[in-house]
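Here's a quick tour for anyone meeting this structure for the first time. Take a look at the model below, and then we'll walk through a few of its features.

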Amino acid sequence: MARYFDVHPVNPQRRSIDQAVELIKSDGLIAYPTDSCYALGCRLGNKAGLDRIRQIRHLDDRHHFTLMCRDFAQLGQFVHVDNAVFRAIKAATPGSYTFILPATTEVPRRLMHAKKKTVGARIPDHPVAQALLAQLGEPLLSSTLLLPDQEEPLVHGWDIKERLDHVVDAVLDAGDCGTVPTTVVDFSQGEPEVVRHGAGDPSRFE
């Protein structure tokens with residue numbers, strides 16, 4: 001049965017964040033809010049957690065997982081970013097964008113795109129997500145909480161708790177989230193290509 005944390009959306013309680021981070025460090029899988037949708041998240045090296053996300057969402061090995069990073073310094077450890085790309089991404093973060101970029105050797109191979117050796121990365125603009133990342137000290141391996149039988153992501157923490165009670169270890173409920181996932185911009189070839197229009201304004205990359 002999943003732990004349930006009712007957290008303040010602007011000033012999340014330190015005790016709840018600490019307990020959630022301990023679960024993550026113990027290879028737990030959590031559902032948590034972001035500035036676009038609720039997401040599933042686990043520790044970067046948690047292979048079982050990755051497999052659980054795949055099972056919950058019915059994902060194949062072509063799916064780009066996202067490294068949810070606290071800030072640009074952390075993001076730069078896991079993806080290659082040249083000066084031009086740096087400036088473009090820096091102007092749009094934190095925010096509702098996911099950037100597909102060449103992965104560094106810090107990223108486990110199982111998280112990369114099988115052929116392109118790329119990974120998704122983003123810096124969220126949500127107090128709860130930022131509090132988790134600050135306390136964890138490393139990125140969260142994440143994926144939008146979109147169930148295979150649903151057309152839109154789940155928006156209510158209590159609904160997530162009811163549906164996923166036996167397949168996740170904790171739910172952080174900070175109120176309703178949106179149903180529009182991030183805008184995805186592929187920088188893997190140097191020039192931006194918007195591959196999904198979402199919550200972030202795509203016009204700056206088109």
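Let's start with the aromatic rings: searching the whole structure turns up six aromatic pairs. Keep in mind that this is a predicted model.

| Pair | Arrangement | Centre to centre | Angle between planes |
|---|---|---|---|
| Phe99 and Phe187 | tilted | 6.1 Å | 40° |
| Phe99 and Phe205 | edge-to-face | 5.8 Å | 75° |

Both pairs tie together distant parts of the chain. Phe99 belongs to strand 5 (residues 97-102), while Phe187 sits in the loop between strand 9 (183-186) and strand 10 (193-196), 88 residues apart. Phe205 lies in the segment after strand 10, and 106 residues separate Phe99 from Phe205.

Phe99 has a relative accessibility of 1%, so it counts as buried, and Phe205 counts as buried because its value is 7%.

Now for a pair of helices. The axes of helix 1 (residues 14-25) and helix 5 (residues 127-136) come within 9 Å and cross at roughly 60°, which makes helix 1 oblique to helix 5. Their crossing is right-handed.

Which residues make the contact? Helix 1 brings Arg14, Ile17, Asp18, Ala20, Val21, Ile24 and Lys25, and helix 5 brings Val128, Ala131, Leu132, Gln135 and Leu136. Sorted by class, the contact of helix 1 with helix 5 has eight nonpolar residues, one polar and three charged.

Technical notes. Residues numbered from 1 in each chain as written. Predicted model: local features only at pLDDT ≥ 70, side-chain atom pairs only at ≥ 80, totals over all residues. Heavy atoms only, no water. Phe/Tyr/Trp six-rings, centres within 6.5 Å; stacked < 30°, edge-to-face > 60°. Helix = DSSP H or I, 4+ residues; strand = E, 2+ residues; numbered from the N terminus. Buried < 20%, exposed > 50% of the residue type's maximum accessible area, 1.4 Å probe, protein only. Axes fitted to C-alpha atoms, helices over the stretch in contact; angles between N-to-C directions. Parallel < 35°, antiparallel > 145°, perpendicular 65-115°, else oblique. Left-handed = near helix turned anticlockwise from the far one by under 90°. Contact = heavy atoms within 4.5 Å. Nonpolar A, V, L, I, M, F, W, Y, C, P; charged D, E, K, R; others polar.
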